[in-house]
Amino acid sequence: MTVDRGLDIVDFHLHFRIGADQTIQACEHAAGMHPGGEHERAVRAAGSAPYARQWRQAWSFPDPEPPAERWQDEADRWAEELRRVNVRRAVFVTGGGNDTVADVVDRYPDLLLGLAHHDPYGPDAAGELDRAVTERGLRGLKLFAPLLRGPLDHADLDPLWSTAQRLGVPVLIHIGHYGSAGGLSHGRYGGPDELARMARRFPELAVVVPHFGVQHVQDLLFAAWGCPNIHVDTSGSNQWVRWMPYKLTLEELFRRCYETIGPHRIVYGSDSSWFPRGYVTRYLDDQLRICRELGLPDEHLRAIFAGNAELLLGVHE
């Protein structure tokens with residue numbers, strides 16, 4: 001049965017799982033996410049497993065299964081899933097490397113979009129972004145700030161930000177806790193202060209921060225107050241609110257963002273990533289319900305759940 005929510009949905013934030021992403025794994029090790037040997041990793045995994053299991057049970061999510069051996073089969077499954085839940089366009093922000101995610105997008109160009117996600121401190125990162133956008137058709141850059149090998153506002157990254165600004169593509173920068181249970185709570189670099197300084201130096205660069213900034217939500221709102229080019233992405237279960245030292249709800253996050261930065265800098269995302277869970281309609285329906293209960297007009301609903309993403313990505317239909 002086709003779902004009719006009364007408006008188009010463009011999802012700014014999904015992950016395409018196809019084996020191990022060597023670039024992200026290398027950045028995780030460089031950031032000190034996996035210290036020690038097999039024994040230490042096993043101890044950490046065992047300690048975190050109950051929290052992950054509790055989260056899946058709370059949301060009635062099945063255990064993840066491995067991705068398909070062939071990326072083509074995984075892409076076909078996602079295309080069928082997105083059409084089933086009536087999502088008009090979806091953006092894979094990671095996907096096993098720039099060329100892999102570009103191949104996935106090329107298979108369904110009217111449905112899928114993708115972001116580059118290479119190491120910003122890697123050799124000629126600016127040139128790779130230019131290639132990924134101009135030759136492979138990707139629509140921006142995704143990076144995980146806690147995994148950086150240097151600050152977001154370091155001069156070494158200026159060519160990368162300049163390239164993104166020149167190309168007119170957004171950068172999606174994850175700050176705060178990386179991963180879920182057992183993840184990396186902080187990185188050496190990539191805090192909201194660095195992000196704000198970078199955004200001020202490149203005022204025509206659209207900077208999007210996912211998951212409401214995680215534990216940095218207050219700093220993110222103040223950064224967005226000072227930098228009108230900073231946007232907020234709503235993706236995920238946002239289970240991190242349970243770990244804050246004060247009561248915080250998804251409704252309050254939406255209310256604060258809507259009342260401060262306004263509807264045109266809020267971008268819907270689901271953070272969908274694995275099967276058999278598939279597309280997380282629960283996240284979409286909860287967010288849409290909250291926005292409607294807050295009394296947002298249809299114009300603002302269309303902006304948050306489709307229009308803002310289309311403007312950022314240069315998609316006009």
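Contact, as the word is used in this report, means heavy atoms within 4.5 Å. The model is a predicted one, in which local features need pLDDT of at least 70 and side-chain atom pairs count only at pLDDT 80 or more, while totals for chains, interfaces and linings use all residues. Residues are numbered from 1 along each chain as its sequence is written, and side-chain values use heavy atoms, with hydrogens and water left out.

Over residues 11-314 the chain is 44% helix and 10% strand, with the end C-alpha atoms 14 Å apart. Helices (H or I, at least four residues) and strands (E, at least two) are DSSP runs, numbered from the N terminus.

D11 has its place in strand β1 (residues 10-15) and is buried, with a relative accessible area of 0%. Buried here means under 20% relative accessible area, exposed means over 50%, and partly exposed lies in between (1.4 Å probe, protein chains only). Leaving aside neighbours within four places in sequence, D11 is in contact with V87, R89, A90, V91, Y268, G269, S270 and Y279. D11 and R88 are 77 residues apart in sequence, but their C-alpha atoms are 8.2 Å apart in space.

T234, in the loop between β7 (230-233) and α9, is likewise buried, with a relative accessible area of 0%. Not counting residues up to four places away in sequence, T234 touches F212, F254, I266, V267, Y268, G269 and Q287.

| Side chain | Partner | Distance |
|---|---|---|
| D11 | Y279, side chain | 2.6 Å |
| T234 | Q287, side chain | 2.6 Å |

## Aromatic pairs and charges over rings

The structure holds 13 aromatic pairs. Rings of Phe, Tyr and Trp (its six-membered ring) pair if their centres lie within 6.5 Å, and planes under 30 degrees apart count as stacked, over 60 as edge-to-face and the rest as tilted. W55 counts as buried because its relative accessibility is 18%, and F61 counts as buried at 12%. Another edge-to-face pair is that of F212 and F254, at 5.4 Å centre to centre and with 75° between the planes. This pair links distant parts of the chain, since F212 is in the loop between β6 (207-209) and α8 (217-226), whereas F254 is in helix α9 (residues 250-260), 42 residues apart. Both F212 and F254 are buried.

W55 and F61 also belong to one aromatic cluster, together with W59, W274 and Y283. The charged end of R277 sits over the ring of F61, 5.0 Å from its centre, and R77 lies over the face of F275, at 4.1 Å from the ring centre. A charge sits over a ring if NZ of Lys or CZ of Arg is within 6 Å of the ring centre and within 35 degrees of the ring normal.

## Helix α1

The buried residues of helix α1 (residues 22-30) are I24, C27 and E28. They cover an arc of only 105° around the axis, which puts them on the same side of α1; the arc is that of the directions from the helix axis to the C-beta atoms. An α-helix has 3.6 residues a turn, so residues three or four places apart point the same way. The buried residues of α1 pack against β2 (89-94) and β4 (141-144). After α1 comes G32, whose phi is positive, near 80°.

## Backbone features in loops

The peptide bond from F275 to P276 is cis, with omega near 10°, and P276 is found in the loop between β8 (266-267) and α10 (281-293). N86, although not a glycine, has a positive phi of about 65°; N86 lies in the loop between α3 (71-84) and β2 and is partly exposed, with a relative accessible area of 36%. H211, also a residue other than glycine, has a positive phi near 60°. H211 is found in the loop between β6 and α8 and is buried, with a relative accessible area of 10%.

Technical notes. A polar contact is a pair of N or O atoms within 3.5 Å; within protein, one must be able to donate a hydrogen and the other to accept it, and residues adjacent in sequence count only if both atoms are side-chain atoms.
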